[in-house]
Amino acid sequence: MLNSRSLENLSLSSFRYLALISLWLLVWWAAMLLEYQPYISLWYPPAGLSLAAFILIGRRAFLPVLAAATLVGFWMYWQENSQLSILQQAQHSLLLGSAHTIAFALGGFYFRRFVGSWDIQHIPQRVLYFLIIIFLTTLLGAWLGLIAFYLIDTMTPADVLNSWLAWWIGDLAGALVLTPFFMLVLGRIWQLDTSWLRPLNVKVSSAPLYRQLWSKRLVLMLALVMVVLGADYLFGHPAIAYFIFFLSVPQLWIVYTESIERSLLSLALTSFFIAAWFGFVGVDDHALTYQFALCVIAANTYFGLSVPSLLQQNKQLHQQTQIDSLTQVASRNYFLACAERQLSGRRSRDFPISLMVFDLDEFKAINDDFGHLVGDQALIMAAQSIRAHIRQCDVIGRFGGDEFLLLLPDQNLEDAHRTAERLRSKLPAIPVATGMIQIKASFGIVEIKADEDVNEALQRADKALLKAKRNGRDQVVSFI
């Protein structure tokens, strides 16, 4: 017998499958309302939903998509008052449903298997492959669907050749515009993780949803749709339809200022409005222009969504080259670059400027006696202490191991010596298993000469540090 937990899971699974079938039938009905030729709409939303289902749910989407597509076949026969037997209607509907399901299953499975597992750093490549997969999947779906119509004697070979491009572009537009949006929707219904779909986009707004969706930018886009399609209807010049491509500009504006959910929803709403207004004004001669515009706007949106992740990655890489990952002070290369910039163009009257080198005393013993984690903590605490007690214009960097560098603009050798003594006295103690250990350090200081570069000053500072070590450590030595 099934326990209550099993019954609950079964009920939840049944609800999800029924929700997918119902959603598929709903979007198909919306597409049929917007037909401008028999079986052909400006866009075909079920294409996006089917591909989204196979990408997100995998093989579990096969039966619900097939069931929904087959039910659509029965519905069309019922609308036409077909004289075929129920068995023939079932066979034909299953053939039509299978053509659609197999094509989008292949595309979804390929994306799921090879592209969906790519790291978040591959978002631009993922978008490119996603577009290619949609291109090929919808092309296959169009031809399989037309062949199925031919096999059930609904279309002639001439009809197939005349219809394949319009059918394919309609499927292509629907899949390009709506697949990511439906993935987010199905992720909510099936309670699946869709974080891999999201770029590193951290924009969050606390404003109410309706204020976000019906913002001035979205209203502007819908107004542009009405203007372009209205002008196309009134003047009938083919060049007017091309102005619809300018919708990419406000759409990218939304992409760069809103979350991914709102960006995809604005794309879906705008595309639906284009299809609805297109059907209302009846500018069928320019259908391909509007279909290609939908595809271009969608592609721009997805590449635009990848920009925040690229910027974030560049920022992280930039920080990695500038910041030491352990101590969070400047890296060696970045410190030396900063020092070179400080010295570049300085004249004799622009000095003094001093350079300080220091390292932790008995650091190897700390690592050997208490472990590297305690040694790392000593480095972190020493760096934080020094940074907390220097000026904003001073620059601290980690040279390597337990050795640090400090650049002190506008301080002569005497001032820098006093600063080093103060920093040495402020070094903290770190807790260990046996109690507390006082961090100690030796300092070597030089005042950089007007005709001296950073490397030459560093060599002199190293000699001062070596002398501090030889003199017994935990002291400051400065060289003129």
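**Close-up 1. Asp453 in the loop between strand 8 and helix 17.** In this predicted model, Asp453 is found in the loop that runs between strand 8 (441-447) and helix 17 (454-470). Helices (H or I, at least four residues) and strands (E, at least two) are DSSP runs, numbered from the N terminus. Asp453 is partly exposed, with a relative accessible area of 35%; buried means under 20% relative accessible area, exposed over 50%, and partly exposed in between (1.4 Å probe, protein chains only). Together with Glu340, Asp451 and Glu456, Asp453 gathers in a patch of negative charge on the surface. Patches are made of residues with over 30% relative accessible area and no salt bridge, with like charges joined within 9 Å and nonpolar side chains (Val, Leu, Ile, Met, Phe, Trp, Tyr) within 5 Å. Lys and Arg count as positive and Asp and Glu as negative, while His and the chain ends are not counted. The place of a charge is taken as NZ of Lys, CZ of Arg, CG of Asp or CD of Glu.

Residues are numbered from 1 along each chain as its sequence is written. The model being predicted, local features need pLDDT of at least 70 and side-chain atom pairs count only at pLDDT 80 or more, whereas totals for chains, interfaces and linings use all residues; side-chain values use heavy atoms, with hydrogens and water left out.

**Close-up 2. The salt bridge of Lys469 and Asp359.** The side chains of Lys469 and Asp359 meet in a salt bridge, at 2.6 Å from N to O. Lys469 belongs to helix 17 and Asp359 to strand 3 (residues 353-360), so the pair ties together parts that are 110 residues apart in sequence. Both Lys469 and Asp359 are buried. A network of salt bridges links Asp359, Asp361 and Lys469. A salt bridge is a side-chain nitrogen of Lys or Arg within 4 Å of a carboxyl oxygen of Asp or Glu, and by this rule the structure has 12 salt bridges.

Close-up 3. Arg460 forms a salt bridge with Glu452, their closest N and O atoms lying 2.7 Å apart. Arg460 and Glu452 are both buried. Lys364 forms a salt bridge with Asp368, with 2.9 Å between the closest N and O atoms. Lys364 and Asp368 are four residues apart in helix 14 (residues 363-370), a separation of about one helical turn. Lys364 is exposed, with a relative accessible area of 61%, and Asp368 is exposed at 52% relative accessibility.

**Close-up 4. A nonpolar patch on the surface.** Tyr110, Phe114, Leu128, Tyr129, Ile132, Phe135, Leu136 and Phe303 form this patch, with about 740 Å² of accessible area together. Helix 4 (86-115) and helix 5 (123-151) are the elements that give two or more residues to the nonpolar patch. Helix 5 supplies the largest share, five residues. Ile132 lies in helix 5 and is partly exposed, with a relative accessible area of 40%. Accessible areas come from the Shrake-Rupley method with a 1.4 Å probe; for residues, only the protein chains shown count as cover.

**Close-up 5. Gln328 with a positive phi.** Gln328, a residue other than glycine, has a phi near 65°. Gln328 is placed in the loop between helix 12 (287-322) and helix 13 (332-343). Gln328 is partly exposed, with a relative accessible area of 42%.
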